[in-house]
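Here is a friendly tour of one protein chain, taken a few residues at a time. Keep the sequence and the 3D view open while you read.

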Amino acid sequence: MTFHLNVHIISPKGHTTSLEWTHRFIQKEYQTRFQQIGQETLADLLRDLSGSGCPVDCVVYDPFMPWALDVAKGFGLLGAAFFTQSCAVDNIYHHVYRGELELPLLGGEVVVPGLPAMRADEMPSFIYDHGSYPGTFQMLLNQFRNVDKADWIFINTFHELEEEVINF
């Protein structure tokens, strides 16, 4: 059996890597525009590759851009979410997304299934300092909006360090 793997990294038109871009990324207007341009760019790439003799079977995407899965499914392709943060951190954000961990934290012990009890100041900064970067915080939560439709989920982890949360 032979497998072919081609990796294409898209950079939406008008994207820059400057500090200005980083600051603008947290703004809702920029996120909306980035999604629109990103969807168009990915769709163009998938169309181009479909006629290349080496069509795409699966799109591996970062869930920070959940629209990539929507585009892949629109082309009838498989989609694989690749979470780049640790499994423990993703678990915390997922419980916030589902409303199972209410914010702001009121202090005391924080209990998240699959993790040991923690103090509020041991939580990720976007959880502990709720409201500090609302645009980025919303992006962190939106990564779960359609993950249930992904065909595979890959998580950046080291099993022996996060065994409890992985097996949760």
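## N91 and its neighbours

N91 touches V112, P113, L115, V165 and F168, leaving aside residues up to four places away in sequence; a contact here means heavy atoms within 4.5 Å. N91 lies in helix α4. Helices are DSSP runs of H or I with at least four residues, strands are runs of E with at least two, and both are numbered from the N terminus. Is N91 buried or exposed? At 10% relative accessibility, N91 counts as buried. Buried means under 20% relative accessible area, exposed means over 50%, and partly exposed is in between (1.4 Å probe, protein chains only).

Before going on, a word about the model: it is predicted, so local features need pLDDT of at least 70 and side-chain atom pairs count only at pLDDT 80 or more, while totals for chains, interfaces and linings use all residues. Residues are numbered from 1 along each chain as its sequence is written, and side-chain values use heavy atoms, with hydrogens and water left out.

## Helix α4 and what covers it

The buried residues are C87, A88, D90, N91, I92, Y93, H95 and V96. Which elements cover them? The cover includes the strands β2, β4 (118–119) and β5, together with the helices α5 (125–128), α6 (134–142) and α7 (163–166).

After α4 comes G99, whose phi is positive, near 80 degrees. Further along, in the loop between α4 and β3 (109–110), you will find P104. A cis peptide bond joins L103 and P104, with omega about 0 degrees. For background, most residues other than glycine have a negative phi, and most peptide bonds are trans.

## Helix α3

Now look at helix α3, residues 67–74, where the buried residues are W67, A68, L69, V71 and A72. They pack against α2 (28–50), β1 (58–61) and β2. This helix is followed by G76, which has a positive phi, near 75 degrees.

## Salt bridges

Side chains of opposite charge can pair when their charged atoms come close. A salt bridge is counted when a side-chain nitrogen of Lys or Arg is within 4 Å of a carboxyl oxygen of Asp or Glu. How many salt bridges does a search of the whole structure find? It finds 6. One of the pairs is R145 with D70, where the closest N and O atoms are 2.7 Å apart. This pair links distant parts of the chain: R145 is in the loop between α6 and β5, D70 is in helix α3, and they are 75 residues apart. R145 is partly exposed, with a relative accessible area of 34%, and D70 is partly exposed with 34%.

R47 and D44 also form a salt bridge, with their closest N and O atoms 2.9 Å apart. Both lie in helix α2, 3 residues apart, about one turn of the helix. R47 is partly exposed at 46% relative accessibility, and D44 is partly exposed at 32%. The side chains of R98 and E100 meet in another salt bridge (3.0 Å, N to O); E100 is partly exposed, with a relative accessible area of 43%.

## T41 in helix α2

T41 has its place in helix α2. It is buried, with a relative accessible area of 13%. What does the side chain of T41 reach? It reaches the backbone oxygen of I37, at 2.8 Å. That is a polar contact, meaning a pair of N or O atoms within 3.5 Å; within protein, one must be able to donate a hydrogen and the other to accept it, and residues adjacent in sequence count only if both atoms are side-chain atoms.

## A nonpolar patch

On the surface, V60, L78, F82, W152 and F154 form a nonpolar patch with about 460 Å² of accessible area together. The elements giving two or more residues to this patch are β2 (78–86) and β5 (152–156). Patches are made of residues with over 30% relative accessible area and no salt bridge; like charges are joined within 9 Å, and nonpolar side chains (Val, Leu, Ile, Met, Phe, Trp, Tyr) within 5 Å. The areas come from the Shrake-Rupley method with a 1.4 Å probe, and for residues only the protein chains shown count as cover. F82 is found in strand β2 and is partly exposed, at 37% relative accessibility.
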